[in-house]
Amino acid sequence: TAAARRGETLPPDHAFLDALGDIAEIEALDAAFRAQVLQLPGEADIAREVGRDVDPDAIAAARNGVRLALANRIGDTLADVHKRYAVARPFSPDSTAAGRRALANTTLDLMAGNRDPAAIERVVHRFEAADNMTDRLAALSILSAAALPQRIPALAAFHDRYRGDALVLDKWLALEATVPALETLDRVRSLLGDPDFSLSNPNRIRALVGAFASANQTQFNRADGAGYEFLASFVADLDGRNPQVAARLLISFRSWRALESGRRARAEQALKQIAAVPELSPDTRDIITRTLA
């Protein structure tokens, strides 16, 4: 991350990459365990380890650099493991089958880290051919988390397929909100007017606005402060309707003091914008006061 902030590329240790490749192949290890070991820490986890003067863009660049190196160095190994564990078979909810699905999806995710067309094609095929929600959602998550253009028709197809299922629609909204792309904030704004979104439904709010603020590290923490301004305006408006949910959304600001100076100033400005609202609910006022203290 420090190197990324300097505009440099710091290749990860090859021994680390090879160790992950070895673990992926060890059949004596449980498949679910291997899937867990292969997953890289998320951007929020890395930010907590950095602790101060946090630059979310640098963290994302560094993490993507590791993903790129993994795909380039052990991509063939990952492809072999994926091929063995992605074999079509009747769906079963038991732990062994769940572990096999987890390993197949984790290796597929890492294979796509260098945006190799063949790997991306496998992800799209996994999405289209899936006979269960776990695999379909995992493939869609890979396309969305990498902001790949193939996500757009896939997200639309997913929405059309499950538009009658409220719980699955929440997953769709969360995926839309967490795409790490500059256009995501505008997409979130547009989805506020979608027929499937409702300000009277707390689950919808948490799935869309909550996911954007808590799980989209680069776009909520945009250097221009637009993500903070959006959440501040949304919370100020929502507070009169649902103060509990409004207050809950503000938890996304809890680490604002750990940000680098530019973002820190913009986050503080957004918090003070909310604090200046004359008739805030006690719930929201309490969170704002403690966050700014």
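This is a predicted model: local features need pLDDT of at least 70, side-chain atom pairs count only at pLDDT 80 or more; totals for chains, interfaces and linings use all residues.

Trainee: How much space lies in the largest pocket?
Mentor: About 1200 Å³. A pocket is an open set of points on a 1 Å grid over the protein atoms alone, where a 1.4 Å probe fits, with protein on both sides within 12 Å along at least five of seven lines. The volume is the space filled by probe spheres set on the points, which are joined across faces, edges and corners.

Trainee: How does the lining divide by class?
Mentor: Into 20 nonpolar, 13 polar and seven charged residues. Ala, Val, Leu, Ile, Met, Phe, Trp, Tyr, Cys and Pro count as nonpolar, Asp, Glu, Lys and Arg as charged, and the others, Gly among them, as polar.

Trainee: New topic. How many helices and strands are there?
Mentor: 17 helices and zero strands. They are DSSP runs numbered from the N terminus: helices are H or I, at least four residues, and strands are E, at least two.

Trainee: At what angle do H4 and H5 pack?
Mentor: About 115°, with axes 10 Å apart. Axes are lines fitted to C-alpha atoms, for helices over the stretch in contact, and angles run from 0 to 180 degrees between N-to-C directions.

Trainee: Which residues make that contact?
Mentor: Glu43, Ile46, Ala47 and Val50 of H4 meet Ile59, Ala60 and Arg63 of H5. Contact means heavy atoms within 4.5 Å. Five are nonpolar, none polar and two charged.

Trainee: And how do H8 and H9 cross?
Mentor: At roughly 145°, with axes coming within 9 Å. Eight nonpolar, one polar and three charged residues form their contact.

Definitions and conventions. Residues are numbered from 1 along each chain as its sequence is written. Side-chain values use heavy atoms; hydrogens and water are left out. On a 1 Å grid over the protein atoms alone, a cavity is a set of points where a 1.4 Å probe fits but cannot get out, and a pocket is an open set with protein on both sides within 12 Å along at least five of seven lines; lining residues have an atom within 4 Å of a point.
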